[in-house]
Amino acid sequence: MLQKEKISYICVGHDAIDLHAAMEILRMEFGVKRMAVLGGGHINGGFLAAGLIDEVSLLLAPGIDGRKGQTALFDGIPDMDRMPVRLSLRSVEYVANGTLWIRYKTNY
């Protein structure tokens with residue numbers, strides 16, 4: 001269907017998605033130099049585990065969602081011995097209505 005609609009797509013990896021290969025194809029074939037990952041906890045966790053996140057940008061809004069079963073911002077990394085990725089604060093900006101925009105640089 002994608003070919004019929006002339007929509008570009010890539011397939012990488014045999015048993016799992018090879019994010020490094022995907023990023024290289026996006027760079028070489030499509031000229032992508034920087035991208036935002038706007039996924040859920042498992043997608044974000046995959047990029048984190050692959051060492052492909054250089055910045056974390058958070059909007060902290062005045063509200064709490066504590067519903068059961070909600071994944072964390074970064075989730076699903078099976079390596080229980082993995083050390084946490086350290087972050088360095090880059091900036092904090094007040095947006096509006098009590099919302100803060102917080103930016104961190106990763107330190108792998």
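User: In which segment does leucine 2 lie?
Analyst: The model is predicted, with local features requiring pLDDT of at least 70 and side-chain atom pairs pLDDT 80 or more, while totals for chains, interfaces and linings use all residues. Residues are numbered from 1 along each chain as its sequence is written, and side-chain values use heavy atoms, without hydrogens and water. Helices (H or I, at least four residues) and strands (E, at least two) are DSSP runs numbered from the N terminus. On that numbering, leucine 2 belongs to the segment before helix 1.

User: Is leucine 2 buried, partly exposed or exposed?
Analyst: Buried denotes under 20% relative accessible area, exposed over 50%, and partly exposed the range in between (1.4 Å probe, protein chains only). Leucine 2 has a relative accessible area of 32%, so its class is partly exposed.

User: How much accessible area do Met1, Leu2, Ile7 and Tyr9 have together?
Analyst: These four residues form a nonpolar patch on the surface. Patch members have over 30% relative accessible area and no salt bridge, and nonpolar side chains (Val, Leu, Ile, Met, Phe, Trp, Tyr) are joined within 5 Å, like charges within 9 Å. By the Shrake-Rupley method with a 1.4 Å probe, their accessible area together is about 420 Å².

User: How far apart in space are leucine 2 and serine 88?
Analyst: In sequence, leucine 2 and serine 88 are 86 residues apart. From C-alpha to C-alpha, the separation of leucine 2 and serine 88 in space is 41 Å.

User: How many salt bridges does a search of the whole structure find?
Analyst: Side chains of opposite charge can pair when their charged atoms come close. The criterion is a side-chain nitrogen of Lys or Arg within 4 Å of a carboxyl oxygen of Asp or Glu. Over the whole structure, the number of salt bridges found is six.

User: Which parts of the chain does the salt bridge of arginine 34 and aspartate 54 tie together?
Analyst: The side chains of arginine 34 and aspartate 54 meet at 3.1 Å, N to O. Arginine 34 is exposed at 57% relative accessible area, whereas aspartate 54 is partly exposed at 46%. The two residues are 20 apart in sequence, so the pair ties together the loop between helix 1 and helix 2 and the loop between helix 2 and strand 1.

User: What is the N to O distance in the salt bridge between glutamate 55 and arginine 103?
Analyst: Glutamate 55 is buried, at 18% relative accessible area, while arginine 103 is partly exposed, at 23%. For this salt bridge, the closest N and O atoms lie apart by 2.9 Å. The pair links strand 1 with strand 3 (residues 99–107), 48 residues apart, and the distance asked for is 2.9 Å.

User: Which residues are linked in a network of salt bridges?
Analyst: Glutamate 55 pairs with arginine 103, and arginine 34 pairs with aspartate 54. The network consists of Arg34, Asp54, Glu55, Arg90 and Arg103.

User: Which element supplies the largest share of the lining of the largest pocket?
Analyst: A pocket is an open set of points on a 1 Å grid where a 1.4 Å probe fits, with protein on both sides within 12 Å along at least five of seven lines; lining residues have an atom within 4 Å of a point. The largest pocket holds about 690 Å³ of space, and among its 21 lining residues those closest to its centre are Met35, Ala36, Val37, Asp54 and Glu55. Helix 1 (19–30), helix 2 (41–49) and strand 1 (55–60) each supply at least two lining residues. The largest share, four residues, comes from strand 1.

Definitions and conventions: Points joined across faces, edges and corners; volume = space filled by probe spheres on them.
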